[in-house]
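I opened my notebook to look up a few things in this model. Come along and read with me.

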Amino acid sequence: YCQMMVEDYQNDTTSTQSEVDSRAKQLAIQENGSNNWNRGNWPTNLGEKIKVSQISDIKTLHSKLQQGPLYAYYDNPQIKGGAHLVVVTGVNCFTGKVYTNNPHGIFGEQSFDEFLSNYTGGDESAPLVYVYTIM
């Protein structure tokens, strides 16, 4: 669903939930086949993987956002199904806030430290593992 949010951003459109569901299923069938489509998968527009250690502060994250939104991948290997992907849409270097869109319908506003430790709306501690550029 993150990919659908990015596609809408890139095309300057707003999709209905039905359109998003249909597009997500189309991509899932394309990637996994029609018999095994209903499982999580990486977006097909995933770009460069950036380690968290390469994002030392909010200004570094800001520079990575100059080409457009990013994917943020969170995971807690201790929790089955604890992985989650959100779209990073912006930062405010003056206030130290990071802005994200969560496919669960949650628009996040977090401090940089909160952004590193868990995604907005996360029930468990799932730290940021990677940030990805978007092709």
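For the element names used here, I take helices (H or I, at least four residues) and strands (E, at least two) as DSSP runs, numbered from the N terminus. I also note that the model is predicted.

**Entry: the second largest pocket**

I looked up its volume and found about 430 Å³ of space in the second largest pocket. Its lining has 21 residues, and Y1, M4, M5, D8 and V20 lie nearest the centre. Which elements give two or more residues to that lining? I found α1 (2–11), α2 (17–32), β3 (84–92), β4 (97–102) and β5 (106–111). The largest share, five residues, comes from α1. Sorting the lining by class, I got eleven nonpolar, nine polar and one charged residues.

**Entry: helix α1**

Next I stayed with α1 and asked which of its residues are buried. My list reads C2, Q3, M4, V6, E7 and D8. The buried residues of α1 pack against α2, β2 (70–74), β3 and β6 (128–134). Just after α1, I noted that D12 takes a positive phi of about 55 degrees.

**Entry: L65**

Then I turned to L65, which sits in the loop between α3 (58–64) and β2. Is L65 buried or exposed? L65 has a relative accessible area of 12%, so it is buried, as the cut-off for buried is under 20%. Leaving out residues up to four places away in sequence, I found L65 touching L70, V88, T89, G90 and V91. For T89 I also looked up the spacing: L65 and T89 are 24 residues apart in sequence and 7.7 Å apart in space, C-alpha to C-alpha.

How values were computed:
Residues are numbered from 1 along each chain as its sequence is written. This is a predicted model: local features need pLDDT of at least 70, side-chain atom pairs count only at pLDDT 80 or more; totals for chains, interfaces and linings use all residues. Side-chain values use heavy atoms; hydrogens and water are left out. On a 1 Å grid over the protein atoms alone, a cavity is a set of points where a 1.4 Å probe fits but cannot get out, and a pocket is an open set with protein on both sides within 12 Å along at least five of seven lines; lining residues have an atom within 4 Å of a point. Grid points are joined across faces, edges and corners, and a volume is the space filled by probe spheres set on the points. Ala, Val, Leu, Ile, Met, Phe, Trp, Tyr, Cys and Pro count as nonpolar, Asp, Glu, Lys and Arg as charged, and the others, Gly among them, as polar. Buried means under 20% relative accessible area, exposed over 50%, partly exposed in between (1.4 Å probe, protein chains only). Contact means heavy atoms within 4.5 Å.
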